[in-house]
Amino acid sequence: MLLNCVAFAAQVLQYHVGLACLAAAAFALVLRRWRLLALALLVALPVTVPEWWSYRQKNPPPLAGQTLRIASMNIYVLNNSPHYILPQLEAFDADIILFQEWHTWHDRFILPELAAEYPYQVRFAHVNTMGMAIFSRRPFLESTPDGVDVRLGDEGLRLQRVVIDFEGHPLAIYNLHMASPGRPGALLWGQRQTAQLLAHLDAEPLPFVVAGDLNATPHTANLAAMRDAGLSEAHDLAGR
């Protein structure tokens, strides 16, 4: 467990370590400590330059046929500022919005503002971080039960699943909230949830989109396992 936690922290914080090494390189340059400068740059550049490169504006080829715009947002359980939330949601102009940490407060004050534009919904409102919701402009062919805290298997992965018609074919969309790695046990829990999710997706009969709060960065073994399973990251393909 200790080695696992150290590895996870190193994966998550490698960019931050790179920034610290860049600061050390700047001091080394001022002090004319050339060996320290070379060592600091040797560590910093391989982990910072790829991150900066990922922020470039991507120009994917235009899509043929219909498009489907999906937005995912951890709305934050204590977020009670509709004057901030609603303009952002309007700017997304998404066909489907996935929420994590959907609070009973959001059910009272955000839901009425979205109901007309997004008439198809699966919601589980809660007073802590357990809540989730899916809002859609497209009707559901099937969905997990409304108002229910759905968990996957022994590891209790919170999820919602809906199926819509897309270009004449059913498409499954998953809304996920993985365990937060705030302590060693929860870190391992999130990794086990990832393994169970991938086993579940391997048996999914439909094309699918997975989104949500995965509580892991692209550098972690969690997301590496998803890529190894054949999932592609929309942000890498087209995001900024």
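In these legends, buried means under 20% relative accessible area, exposed means over 50%, and partly exposed lies in between (1.4 Å probe, protein chains only). The structure is a predicted model, in which local features need pLDDT of at least 70 and side-chain atom pairs count only at pLDDT 80 or more, while totals for chains, interfaces and linings use all residues. Residues are numbered from 1 along each chain as its sequence is written, and side-chain values use heavy atoms, with hydrogens and water left out.

View 1. Helices (H or I, at least four residues) and strands (E, at least two) are DSSP runs, numbered from the N terminus. Two strands pair if DSSP finds at least two bridges between them. Strands S7 and S8 run antiparallel and are joined by nine bridges. Two residues lie between these strands in their hairpin, where Glu167 takes a positive phi near 55 degrees. S8 (residues 169-177) is mostly covered, with seven of its nine residues buried. S8 also pairs with strand S9 (residues 208-213), in the parallel sense and over six bridges. Asn175 of S8 is the bridge partner of Gln160, and Asn175 also stands opposite Ala211 in S9.

**View 2. The salt bridge between Glu142 and Arg161.** A salt bridge is a side-chain nitrogen of Lys or Arg within 4 Å of a carboxyl oxygen of Asp or Glu. The side chains of Glu142 and Arg161 form such a contact, at 3.0 Å from N to O. Glu142 belongs to strand S5 and Arg161 to strand S7 (residues 157-166), so the pair links distant parts of the chain, 19 residues apart. Arg161 is buried, with a relative accessible area of 16%, whereas Glu142 is partly exposed at 43%.

**View 3. The salt-bridge network around Arg137.** The whole structure holds ten salt bridges. Asp93, Asp95, Glu117 and Arg137 are linked in a network of them. Arg137 meets Asp93 at 2.9 Å, N to O. Because Arg137 lies in the loop between strands S4 (132-136) and S5 (142-143), and Asp93 in the loop between helix H3 (82-92) and S2, this pair ties together parts that are 44 residues apart in sequence. Arg137 also forms a salt bridge with Glu117, with the closest N and O atoms 2.2 Å apart. Glu117 lies in the loop between helix H5 (111-114) and S3, so this second pair ties together parts that are 20 residues apart in sequence. Arg137 is partly exposed, with a relative accessible area of 25%. Asp93 is partly exposed at 44%, and Glu117 is partly exposed at 44%.

**View 4. The four-stranded sheet.** Four strands form an open sheet in the order S1-S2-S4-S3, with mixed pairing. Its edge strands, S1 (70-74) and S3 (120-124), each pair on one side only. S1 and S2 (residues 96-100) run parallel and are joined by five bridges. Within this pair, Met73 stands opposite Phe99 in S2.

**View 5. Helix H2.** Helix H2 (residues 34-54) has 21 residues and should span 30 Å at 1.5 Å a residue, which agrees with its end C-alpha atoms being 30 Å apart. The expected span is 1.5 Å times one less than the number of residues. H2 bends by about 40 degrees at Leu45, and Pro46 follows within four residues. The bend is the angle between axes fitted to the seven residues ending at a residue and the seven starting there. Leu37, Ala40, Ala44, Val47 and Thr48 are buried in H2. What covers the buried residues of H2 includes helix H1 (2-31), where contact means heavy atoms within 4.5 Å.
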